Amino acid sequence: MPRTVVRRRLATRLLLLLTCLLPLPALADTWRVDLLVFRYLRPVDEQGLTPAPPNLRNAIELDDTAALSRAGITLLPESEFALADHWTQLRRSAQFRPLIRLAWTQNDPPSANGPRLRLKGGEELVVADESGMGARQFNEIDGSVALHLGRFLHLDTDMVYTAPGADATSWTLSESRRMRSEELHHLDSPRLAAIVRVVRWGSSP
């Protein structure tokens, strides 16, 4: 057999071997999140804070389709919201008021400092600025949430509830909670709370 043919065959085999040794691309990991935010109607003893805007760094507005697409986030229609029964039960209760419901899928959530979803709900409020800069506009609920996937899956919430009235006061729901897949999680604060479920996309929510 000619040496040139032997060399070509050896080169082909070596190329195939090197290709097999290359790392395979990671398969995309897609998660679905169903989130319900509500507030308590019961009186609380804990003193609130002076109203201030939440930290909205990296927050994407829900109508910014281009930014959502770049972040690998797809909002699901309300008709597909998986916690509809919980929403109905809260609406029927005299102790709670549901304010926000949202479902989305997210591809390959980052380990930290990734995109956040801006959440607003409830009444629009005008609050006097004590520094003398005039009135400021607030939403009853304002803030953001983010899904992170490092060693474990976490949902990070940073939301502010501002109570309407002449003496407006705010309370926060700021927590990073490990999300066990397919379990129902309850995040809580004196005034504001959330129910969350995270599942792999394609699983039954």
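Asp29 is partly exposed, with a relative accessible area of 22%; by definition, buried means under 20%, exposed over 50%, and partly exposed in between, with a 1.4 Å probe and protein chains only. The model is a predicted one, in which local features need pLDDT of at least 70, side-chain atom pairs count only at pLDDT 80 or more, and totals for chains, interfaces and linings use all residues. Residues are numbered from 1 along each chain as its sequence is written, and side-chain values use heavy atoms, with hydrogens and water left out.

**Salt bridges**

Asp29 forms a salt bridge with Arg200, a term that denotes a side-chain nitrogen of Lys or Arg within 4 Å of a carboxyl oxygen of Asp or Glu. This pair links distant parts of the chain, 171 residues apart: Asp29 belongs to the loop between helix H1 (3–21) and E1, and Arg200 to strand E10. Helices (H or I, at least four residues) and strands (E, at least two) are DSSP runs, numbered from the N terminus. Arg200 is also partly exposed, at a relative accessible area of 41%.

| Salt bridge | Closest N and O atoms |
|---|---|
| Asp29 and Arg200 | 2.5 Å |
| Arg32 and Asp34 | 2.7 Å |
| Arg118 and Glu61 | 2.8 Å |

Both Arg32 and Asp34 are buried; for Asp34, which is found in strand E1, the relative accessible area is 1%. Arg118 lies in strand E5 and Glu61 in the loop between strand E2 (59–60) and H2, so their pair ties together parts that are 57 residues apart in sequence. Arg118 counts as buried at 13% relative accessibility, whereas Glu61, at 30%, counts as partly exposed.

**The open sheet**

Which strands form the open sheet, and in what order? The order is E3-E4-E1-E10-E9, with antiparallel pairing; two strands pair if DSSP finds at least two bridges between them. Strand E3 (73–75) and strand E9 (184–188) are the edge strands, each pairing on one side only.

E1 and E10 are joined in the antiparallel sense over 9 bridges. Within this pairing, Arg32 stands opposite Val199, and Trp31 has Arg200 as its bridge partner in E10. On the other flank, 5 bridges join E9 to E10, and His185 stands opposite Val196. E9 and E10 form a hairpin with 3 residues between them. Of the 9 residues of E10, 8 are buried, so this strand is largely enclosed by the rest of the structure.

**Nonpolar cores**

A nonpolar core is a set of buried Ala, Val, Leu, Ile, Met, Phe, Trp, Tyr and Cys residues joined through side-chain atoms within 4.5 Å. The largest has 31 residues, of which Leu35, Trp104, Met159, Val196 and Val198 touch the most other members. Elements that each supply at least two residues of this core include helix H2 (65–70), strand E7 (153–163) and strand E10 (192–200). The largest share, 5 residues, comes from E7. Apart from this core lies another of 11 residues, among them Phe38, Leu76, Phe81 and Trp87.
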